[in-house]
Amino acid sequence: MNGPMKTDTQDPITPYKARKRSVPQINVGSADEWTENSSDWDAPLAPALKSEPTQQSLAMQAEDLHLRYGPTQILSGISFTLHHGDTLGLLGLNGAGKSTLLKALSGAMAPERGSVHIGNNELYQNPLAARMDIGYAPDKPAIYPEFRVIEFLKFIATMRRIPKTKINSAIDNVVERCNLGEVRQRVIGNLSSGYQQRVNLAQAMIHSPRVLILDEPANGLDPVQLIEMRYLISTLSPDQATIFSSHSLSEVSAVCNRVLLVHSGHSILDSSIDLLSNSSNATFDLKLAGSNEIDVAALPGLLAACRIKSNHWMVTGSCMTAAHLNTLLVSRGQKILSMTKTDNYLDSLFRQLGATEQAKPGPSSDFTADSNGIDQ
Amino acid sequence: MTTQIALHELRVMLRSPFAWLAAGLLQLLFGWLFLSAVERYIALQADATRQVSESGLSSYLIVHFLAPVSIVFMVATPLLCMHLIAGDKQANRYNLLLSLPLSAAQFVIGKFIGATVFQYLIVALSTVLLAILSFDIDLDITHLATAGAGLLLFISTITALTLFYSSLSNKPILAAFASFVTMILLWLAAATSGNGMLQFASPSAHLHSFMQGLLDSRDVIYFIAITGILLTLGVWRFDAQRVRGRHYEA
């Protein structure tokens with residue numbers, strides 16, 4: 001069923017690595033630039049994000065997204081920007097709000113507040129024009145099982161308003177890129193889940209959207225197909241940007257050049273993968289004592305800081321030592337309960353978030369199972 | 001774009017084994033109704049030693065063939081159309097469809113047209129029976145055409161009602177059940193309430209005029225207005241999730 005990987009290189013990851021390297025270096029701003037509005041979950045984003053993008057390179061800009069289902073607040077003030085060539089990994093435990101955020105970004109679900117700009121069009125003020133630039137693949141393949149692959153792609157191409165004369169070439173293009181050639185005339189319902197996931201990807205890519213939104217695209221894929229999918233994302237045009245949600249840290253580390261971590265509907269980390277995985281950076285799990293809360297993220301020299309809960313932080317600094325961090329905190333009147341150096345920022349952060357959720361009363365037991373699903 | 005969605009919906013129905021099964025059963029039922037009506041009419045005429053007159057047979061066919069067909073569609077349409085939107089929700093296609101560069105009106109009206117055309121095709125097949133009869137007997141074509149037009153409007157209204165319920169539910173069978181119960185209640189209301197408001201609200205009562213051969217503009221406007229209102233509600237509901245400020249529940 002599953003055909004061999006169709007690549008023009010021996011190493012499918014190589015092009016992606018090249019792409020990662022092409023990402024502009026991030027400027028680390030001064031602490032003064034990013035200390036405002038730092039009272040809660042919304043606050044502690046790395047100063048690295050304060051690099052100034054050019055308007056031309058901006059593929060998507062989400063600002064202050066709030067969304068609720070009935071009484072439950074699902075998204076609370078999520079903001080980020082996405083540039084052409086970016087591959088943003090959206091991470092979070094189950095129930096964090098990842099899929100809802102992707103629905104809001106794809107135009108399928110309007111937020112109560114906030115805006116999403118795709119190019120020059122605001123998604124909820126100029127929805128039809130903005131949606132032309134979005135490709136969305138839901139977590140479960142959105143397919144018509146009774147249709148043939150080619151018929152389904154033709155329908156989506158028509159709905160995406162591809163001119164009639166270009167529909168066949170657009171279909172041929174995605175069929176080749178998603179390696180669907182041998183099943184193009186087959187009924188979708190009879191295909192394996194891996195192929196159905198590829199069809200799901202193909203429909204999202206068929207109109208070469210400016211922003212490609214993929215909700216857990218690795219679902220149902222075997223290891224070979226996973227590599228193919230990574231390769232597929234790596235070969236996207238530099239004019240495109242991708243948002244990619246996943247439970248898998250290794251998947252995000254391999255495919256993405258940026259990561260956005262969502263927890264309880266809040267964005268708690270938005271940073272470059274390179275920055276987090278740089279071996280010269282040091283990461284500390286920090287617990288402070290007392291009620292005199294300070295904004296740790298505002299400390300000078302930090303590259304990334306994430307508040308797990310009150311007075312519990314994960315911080316990363318370039319060439320930072322425990323002594324240096326200790327000095328910074330003590331000089332600001334803070335008492336340190338514990339400070340542990342950790343090797344892997346994302347890994348440690350996920351474990352801490354999982355532990356925090358388990359410690360919560362009530363329905364927190366959901367997260368016990370969820371954290372097990374995290375690929376370490 | 002509406003046409004494309006309508007054609008797509010028609011294709012979806014033509015690919016559905018359930019739709020084919022339903023269409024086959026309906027044809028069987030209609031054939032049985034038709035033959036039984038003709039046989040009974042011939043038996044009545046033989047007893048009365050009268051000639052088969054055109055208005056007599058046409059009226060008899062309308063009462064004993066087309067009117068029962070309309071009742072059959074009160075069950076068949078909800079079953080055929082229950083999946084229109086609820087099926088997309090159940091098959092995880094709904095969010096993708098919401099993200100497409102389509103207006104809600106294009107989407108809902110396209111689906112309505114596709115589903116209606118499919119049912120019109122079923123009705124058109126059954127008119128072959130009448131056409132065969134008309135080779136030998138002069139039927140009252142005007143009367144039959146009026147009754148047929150009423151039946152088509154009636155089917156459109158049930159389709160719009162089912163589509164609206166389908167937009168409210170994640171489960172197609174709930175949409176079918178709600179639509180069927182609504183139609184049965186309105187039918188019973190029309191049959192038992194005399195000339196009250198309930199009778200005015202009932203599609204069955206307005207269909208009755210058509211079946212009598214009366215083309216009353218009030219009945220035509222009623223069917224068009226009710227269908228329009230239900231489609232508007234369906235459009236509103238479809239957009240509820242993706243238009244800012246509308247209250248919705250997951």
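The second largest pocket of this predicted model has a volume of about 800 Å³, a volume being the space filled by probe spheres set on grid points that are joined across faces, edges and corners. Of the 32 residues that line this pocket, A:Tyr69, A:Lys103, A:Met109, B:Asn95 and B:Gln241 are the closest to its centre. Pockets and cavities are found on a 1 Å grid over the protein atoms alone: a cavity is a set of points where a 1.4 Å probe fits but cannot get out, a pocket is an open set with protein on both sides within 12 Å along at least five of seven lines, and lining residues have an atom within 4 Å of a point. At least two residues of the lining come from each of helix H2 (98-106) of chain A and helices H4 (86-90), H5 (94-99) and H11 (217-240) of chain B, and the largest share, four residues, comes from H2(A). Helices (H or I, at least four residues) and strands (E, at least two) are DSSP runs, numbered from the N terminus. By class, this lining has 12 nonpolar, 11 polar and nine charged residues, where Ala, Val, Leu, Ile, Met, Phe, Trp, Tyr, Cys and Pro count as nonpolar, Asp, Glu, Lys and Arg as charged, and the others, Gly among them, as polar.

Residues are numbered from 1 along each chain as its sequence is written, and chains are lettered from A, with ligands numbered from 1, in the order in which they are written. Because the model is predicted, local features need pLDDT of at least 70 and side-chain atom pairs count only at pLDDT 80 or more, while totals for chains, interfaces and linings use all residues; side-chain values use heavy atoms, with hydrogens and water left out.

Among the buried residues of H2(A) are A:Lys98, A:Lys103 and A:Leu105. Just after H2(A), A:Gly107 takes a positive phi of about 90 degrees.

The structure also holds one cavity of 30 Å³ or more, and about 40 Å³ of space lies in the largest cavity. Its lining includes A:Tyr144, A:Phe155 and A:Met159 from chain A, and B:Ile5, B:His8 and B:Glu9 from chain B. Helix H1 (2-15) of chain B, with three residues, gives the largest share of this lining, which divides into eight nonpolar, one polar and two charged residues.

Elsewhere in chain A, A:Val296 has its place in the loop between strand S11 (281-289) and strand S12 (302-309), and counts as buried because its relative accessibility is 0%. Leaving aside neighbours within four places in sequence, A:Val296 is in contact (heavy atoms within 4.5 Å) with residues including A:Leu286, A:Trp313 and A:Leu329.

Confidence in chain B is lowest in helix H9 (residues 197-201), at a mean of 75, and highest in H1(B), at 92. Over residues 246-250 of chain B the pLDDT is below 50, although this stretch has 13 contacts in the model beyond near neighbours in sequence. Where pLDDT is low, the predicted coordinates should not be read in detail.

Terms used. pLDDT = per-residue confidence, 0-100. Buried < 20%, exposed > 50% of the residue type's maximum accessible area, 1.4 Å probe, protein only.
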